[in-house]
Amino acid sequence: MMPVQTLSLPQVTAPDRLRSTPLLDEQEYIALNTLRLAAMGCRAAARTDLFEACALLCVDGEDARRTYVDTFVKCLPEAMPRRIKWFRPGTAEVSFDEAWVMRCLSCVSAQDYDSLGFLLRSQIDPARRRYIGFLLGRISEQFPKY
């Protein structure tokens, strides 16, 4: 029997410019940190029924951003099949759930409703998709560039 030889392969690493590229731009991190802050505040708060919350929301002006973000963060656990992972504000790492939310907001901003529909179908209970989509749309309107 002949001995098996293996080829030595050079170690390949990504160039520095690719390894240090942030996943999100500055405006996206602002939006993400706003959601993270709301998630921290909502941990101790009572859960909100998604249907009632969307029916009661008709806010404009200064309180709109906070109201839509808080409602979204409070109601999202009811619409998803598993627990949502939010990191602390300022954390560079992005969880799968945070990336999913940011991608949804990006689709709303780009008016890419086919991709948004796919993302909602992949994670959100069918009866709640419309309401989560509504909240995502209102949140997207609250941030300058998205």
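User: Hi! How many residues has helix 7, and how far does it reach from its first C-alpha to its last?
Analyst: Helix 7, residues 129–142, has 14 residues and reaches 20 Å from its first C-alpha to its last, close to the 20 Å expected at 1.5 Å a residue. The expected span is 1.5 Å times one less than the number of residues. Helices here are DSSP runs of H or I with at least four residues, strands are E runs of at least two, and both are numbered from the N terminus.

User: What sort of model is this?
Analyst: It is a predicted model, where local features need pLDDT of at least 70, side-chain atom pairs count only at pLDDT 80 or more, and totals for chains, interfaces and linings use all residues. Residues are numbered from 1 along each chain as its sequence is written, and side-chain values use heavy atoms, with hydrogens and water left out.

User: Which residues of helix 7 are buried?
Analyst: Ile132, Gly133, Leu135, Leu136, Gly137, Ile139 and Ser140 are the buried ones in helix 7. Buried means under 20% relative accessible area, exposed means over 50%, and partly exposed lies in between (1.4 Å probe, protein chains only). For the chain, 37% of the 146 residues count as buried.

User: How do helix 5 and helix 6 pack?
Analyst: At about 150 degrees, with their axes 8 Å apart, so helix 5 and helix 6 are roughly antiparallel to each other. The contact takes in Phe96, Trp100, Arg103, Cys104, Cys107 and Val108 of helix 5, and Tyr113, Ser115, Leu116, Leu119, Leu120, Ser122 and Gln123 of helix 6.

User: Which residues of helix 5 are buried?
Analyst: Asp97, Glu98, Trp100, Val101, Met102, Cys104, Leu105, Cys107 and Val108. After helix 5 comes glutamine 111, whose phi is positive, near 55 degrees.

User: How close do the axes of helix 2 and helix 5 come?
Analyst: The axes of helix 2 (residues 26–42) and helix 5 (residues 96–109) come within 11 Å and cross at roughly 125 degrees. That makes helix 2 oblique to helix 5. Glu28, Ala31, Leu32, Leu35 and Arg36 in helix 2 meet Glu98, Val101, Met102 and Leu105 in helix 5.

User: New topic: where does proline 89 lie?
Analyst: In the loop between helix 4 (62–79) and helix 5. Proline 89 counts as partly exposed because its relative accessibility is 29%.

User: What is proline 89 in contact with?
Analyst: Leaving aside neighbours within four places in sequence, Asn33, Arg36, Leu37 and Met40. Methionine 40 is 49 residues from proline 89 along the chain, and their C-alpha atoms are separated by 8.8 Å.

Definitions and conventions:
Axes fitted to C-alpha atoms, helices over the stretch in contact; angles between N-to-C directions. Parallel < 35°, antiparallel > 145°, perpendicular 65-115°, else oblique. Contact = heavy atoms within 4.5 Å.
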